[in-house]
Amino acid sequence: MNAAFVTECQRICGDQAVLHEPLQLMTYECDALPHLRQAPALVVLPGSAAEVQAVVRLCGREGVPFVARGHGTGLSGGALPVPGGVVIGLARLNRVLDVDIPNRRVTVEPGVTNLEITRQVAPFGFYYAPDPSSQQVCSIGGNVAENSGGAHCLKYGFTVHHVISVEAVLPDGELMTIGSPAPDLPGPDLLALLIGSEGTLAVVTKVVVRILRKPESVQTLLAAFDTIREGGAAVSAIIGAGIIPAAVEMMDRLAIEAAEAAVKPNFPRADTVLIVELDGPAAEVRELFRVIEAIARRAGAKTVEVAQDESQRARIWKGRKAAFAAMGRVSPNYYVQDGVVPRTKLPDVLDRIRLLGERAGLRIGNVFHAGDGNLHPLICYDERIPGQAELAEEVAGEILTYCIEAGGSITGEHGVGADKKDYMPRMFSQDDLDVMQKVRDAFDPKRLCNPGKVLPTPRLCGEVPGPYRQHPVEAAGLGERF
Amino acid sequence: MSATTDRLRMSDLARFGAARTPIADDAIDGVMPRALVEPETGEQMAALLAWASTERLTTVIRGGGTKLGWGATPRSIDLVMATARLNRMVAHRHGDLTATVQAGATLTATNSELAKEQQWLPIDSAFDAATIGGIVATNESGPLRSRYGTPRDLVIGVTLAMTDGRVVKSGGHVVKNVAGYDLGKLMSGSFGTLAAIVDVTLKLSPVPAASRTLVFRYPDSETLSQDAARLLASQLEPVAFDIRVHHGSGGETHRQLLVRFATSPEAVDAQAEAARSLLAGGTESIAQPEEVIWRDQTRQPWTGSGAVVRAGWLPALLPRLLDLVDELKGAGGRSAGLHARVMTGAGLIHLDADDADVERAVALLRSRPDVVSNVVVLRQSAALKARLDVWGTARGPAAVLQSLKKAFDPAGILNAGRGPV
């Protein structure tokens with residue numbers, strides 16, 4: 001990184017807000033996907049939208065790629081630095097600018113955490129609906145980039161359904177409002193396009209979110225089943241009865257064991273647990289909860305535990321939300337996958353995953369949003385055993401193949417980022433990807449804004465794809481390419 | 001003129017679908033297209049757009065033809081590409097609560113098909129013939145948006161015919177999916193300026209087991225606003241919560257709140273009771289059948305003559321909006337009205353008045369950004385349209401919109417000159 005560039009960044013953001021020592025840069029080498037690492041050339045920590053704008057303009061002028069970063073909790077390498085590039089860390093932009101209860105909205109800077117919004121409005125009886133498991137630490141800017149969901153998105157939708165407008169610095173350095181405070185801005189919905197674009201179209205500097213009135217009543221049950229199929233049948237029957245619960249989550253035996261070891265939620269010893277939560281007006285929850293309990297029992301639930309109070313409910317959710325990290329208790333290493341299948345295909349795909357695990361000799365725990373078919377297989381491995389980390393990664397890739405074959409998606413909420421861009425051609429044709437590239441180029445013709453993410457790097461003329469190399473999964477006869 | 005007449009021989013167009021010479025009903029704002037083509041596949045649509053691009057033929061995409069009056073007056077139209085023959089439901093995956101529908105299928109037909117599995121697409125259109133493609137492209141919405149959002153919130157995948165002749169996809173068949181850019185959202189509100197929608201995959205909802213609507217009348221705006229605020233602050237969850245104001249030609253004024261609960265039977269009853277005690281300032285009116293109430297609420301702005309203006313406001317500004325609507329009536333015209341969503345701050349203002357009065361009213365609305373914004377004139381006389389900027393100034397970042405337009409429609413044939421881009 002040339003000295004003049006560093007000096008200019010220091011002039012814009014202040015000396016303290018520009019990091020260039022190798023040790024300082026190490027912190028920014030990766031997000032929560034630690035196996036992809038790249039040290040940035042420089043990290044800047046702007047303290048205002050104007051500073052973000054000045055840095056982006058400078059990058060544009062000098063042709064330096066830049067990557068926006070929130071709190072680094074992303075699971076797809078979306079904030080992975082670019083060689084020779086700048087990381088624009090937004091952690092200092094962490095002010096809550098406006099809490100407007102009458103108009104049901106909160107205006108925050110991108111570094112404010114997801115949960116902080118709910119904290120701000122809870123005293124008024126409101127909350128912010130999207131609730132990713134990382135909500136205590138993840139930033140709202142990151143949520144906008146990833147279109148984050150959470151356990152309750154079955155009923156309440158994703159970040160895109162809860163953001164009213166953003167202020168963002170576009171790659172050309174313009175500071176713009178995207179969206180409108182009032183509804184029905186005419187024209188193509190750029191706000192909805194921007195949300196979920198994984199930091200490739202703009203750097204968000206302010207977010208206006210919609211808040212919801214806290215539901216009058218919440219009820220949660222935990223049902224234990226002998227098989228995943230029985231649990232799945234219960235979920236189908238609930239949807240078939242015309243009920244959209246606030247959340248429908250399932251965990252398998254290994255995930256239950258791990259959660260038990262980590263946070264002791266006192267889950268029943270079972271092959272599968274199903275968590276169903278209803279919220280809304282008290283009369284509605286009361287009436288529908290009876291239906292759901294009956295469905296669970298009819299589907300063969302061994303036990304049905306209804307949370308009697310808020311602490312019991314919190315305990316159930318603690319067990320569920322701790323499941324990822326809890327894997328560390330039962331395995332030295334684990335790989336979290338994120339794939340989606342149409343909900344009705346869940347039992348078949350889970351069977352395939354189980355067989356895959358058996359053939360590969362790796363344990364796979366399953367935690368999933370059963371209501372919307374979003375799977376999170378946790379592939380256990382031991383990096384000390386040569387080849388096992390690679391095998392786990394290949395198994396994770398094979399699971400995505402199952403998801404695509406079932407008519408699903410390679411990511412439901414973690415994003416494509418750097419991690420899955422090479423899977424994009426399995427889901428989309430070259431023409432589809434070309435049009436996405438056109439959209440990107442319309443925003444960022446110089447291709448400086450988080451390059452190398454989301455879309456596979458286009459091959460140059462005459463460049464041939466890398467040599468065919470048999471993967472361990474193929475060598476073991478566990479899967480094949482297509 | 002962008003092309004010579006002989007280039008538009010029907011025999012040339014036949015490879016893109018059924019082609020015919022337009023009749024009087026095909027005119028848009030009085031402008032007669034030179035030919036009308038009804039492709040039968042997405043590939044034909046894309047091929048037609050590619051050919052039209054090469055030949056620089058301006059093209060308007062038409063679904064049910066119900067909202068073609070929205071937008072600026074076209075200078076000329078070479079082609080109308082109609083989606084009438086792409087009107088199938090491709091798939092209804094009821095266990096997954098999703099459906100894929102071709103652009104030319106009507107909302108009415110779609111919902112009667114979905115009803116076989118007690119599911120529906122909770123979207124309102126003011127028009128019987130409105131198609132899924134047109135509803136998505138215009139993001140038309142109504143009372144149900146209070147609970148279910150606008151069409152853009154329900155689109156989970158699209159197939160598009162591009163002007164370069166390609167047929168492309170984005171999204172998919174699953175509700176939860178963040179792989180790649182969401183081009184379906186980009187189509188929302190694009191008014192056929194970027195690409196043609198071939199089919200749409202949508203998230204569905206179960207049809208509620210029970211539904212009940214309450215209507216309350218108010219003597220003045222203040223009482224109405226107070227009641228509206230009370231219901232908003234409560235934990236009741238109506239699927240629709242609307243306001244209706246009508247200043248009639250005889251000086252009479254009607255003010256109403258309309259509340260609909262739709263969920264399980266006991267919960268509907270309990271919420272209706274709770275709403276009755278909250279909305280104490282109003283007089284409950286004798287209820288018509290529920291379907292009639294909401295049908296009227298959705299369609300009234302469009303029945304009869306007069307201008308229709310769409311606008312948005314912050315929900316807490318409702319009292320000031322009501323004052324502004326009173327002021328519109330005071331400024332002239334035969335009647336004025338408001339049909340709107342209380343929770344979101346979105347709706348239609350209706351004005352039956354002479355052109356000069358409508359023009360003044362639009363200017364008044366646009367001069368009050370402290371109360372209303374996104375003021376778009378959806379219907380007015382042809383003479384007035386020629387003078388008015390129907391879209392207004394607020395349209396998002398111009399540079400990006402222009403780049404997108406150039407990337408998607410480099411020849412500038414799609415909905416040329418009619419906007420919003």
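Visitor: Why is Ser264(B) called buried?

Guide: This is a predicted model, and in it Ser264(B) has 4% relative accessibility. Buried means under 20%.

Visitor: Where is Ser264(B), and which residues is it in contact with?

Guide: Ser264(B) sits in the chain B loop between β14 (253–263) and α9 (265–278). Leaving aside neighbours within four places in sequence, its contacts are Glu284(A), Glu287(A), Leu288(A), Ala209(B) and Ala210(B). Leu79(B) is 185 residues from Ser264(B) in sequence and 49 Å away in space, C-alpha to C-alpha.

Visitor: What makes Ser205(B) buried?

Guide: Its relative accessibility is 13%. The cut-off for buried is under 20%, so Ser205(B) counts as buried. Ser205(B) belongs to strand β11 (residues 205–206) of chain B. Not counting residues up to four places away in sequence, Ser205(B) touches Leu97(B), Gln118(B), Gln119(B), Trp120(B), Pro122(B) and Tyr148(B).

Visitor: Why does Asp29(B) count as partly exposed?

Guide: Asp29(B) has 29% relative accessibility. Buried needs under 20%, exposed needs over 50%, and partly exposed is in between. The value of 29% falls in between, so Asp29(B) is partly exposed. Asp29(B) lies in the loop between β1 (18–20) and β2 (35–38) of chain B.

Visitor: Which strand holds Asn374(B), and what is its phi?

Guide: Asn374(B) lies in strand β19 (residues 373–379) of chain B. Phi of Asn374(B) is near 55 degrees, again positive in a residue other than glycine.

Visitor: Is Asn374(B) buried or exposed?

Guide: Buried. Its relative accessible area is 6%, and the cut-off is under 20%.

Visitor: What kind of peptide bond joins Gly419(B) and Pro420(B)?

Guide: A cis bond, with omega about 5 degrees. Most peptide bonds are trans. Pro420(B) is in the segment after α14 (398–408) of chain B.

Visitor: How do you know that chain A is as compact as a globular protein of its length?

Guide: Chain A has 17 helices and 19 strands. Its radius of gyration is 23 Å, and the globule rule gives 23 Å for 482 residues. The two values are close, so chain A is as compact as a globular protein of that length. Along the principal axes, the C-alpha trace of chain A spans about 70 × 60 × 40 Å. Of the 482 residues of chain A, 62% count as buried.

Visitor: Which residues touch the most other members of the largest nonpolar core?

Guide: Phe443(A), Ile243(B), Leu338(B) and Phe408(B), in a core of 185 residues. Helix α14 (residues 388–405) of chain A gives the most to this core, with 9 residues. Apart from it lies another core, of 30 residues, including Cys9(A), Phe66(A), Ile88(A) and Leu448(A).

Visitor: What is Leu338(B) in contact with?

Guide: Beyond neighbours within four places in sequence, its contacts include Ile243(B), Trp313(B), Leu348(B) and Ile349(B).

Visitor: How many charged side chains does chain A have?

Guide: Chain A has 48 positive and 58 negative side chains. The centres of the two sets lie 3 Å apart.

Definitions and conventions: Residues are numbered from 1 along each chain as its sequence is written. Chains are lettered from A and ligands numbered from 1 in the order in which they are written. This is a predicted model: local features need pLDDT of at least 70, side-chain atom pairs count only at pLDDT 80 or more; totals for chains, interfaces and linings use all residues. Side-chain values use heavy atoms; hydrogens and water are left out. Helices (H or I, at least four residues) and strands (E, at least two) are DSSP runs, numbered from the N terminus. The radius of gyration is taken over C-alpha atoms; the globule rule is 2.2 Å times the number of residues to the power 0.38. Buried means under 20% relative accessible area, exposed over 50%, partly exposed in between (1.4 Å probe, protein chains only). Lys and Arg count as positive and Asp and Glu as negative; His and the chain ends are not counted. The place of a charge is taken as NZ of Lys, CZ of Arg, CG of Asp or CD of Glu. A nonpolar core is a set of buried Ala, Val, Leu, Ile, Met, Phe, Trp, Tyr and Cys residues joined through side-chain atoms within 4.5 Å. Contact means heavy atoms within 4.5 Å.
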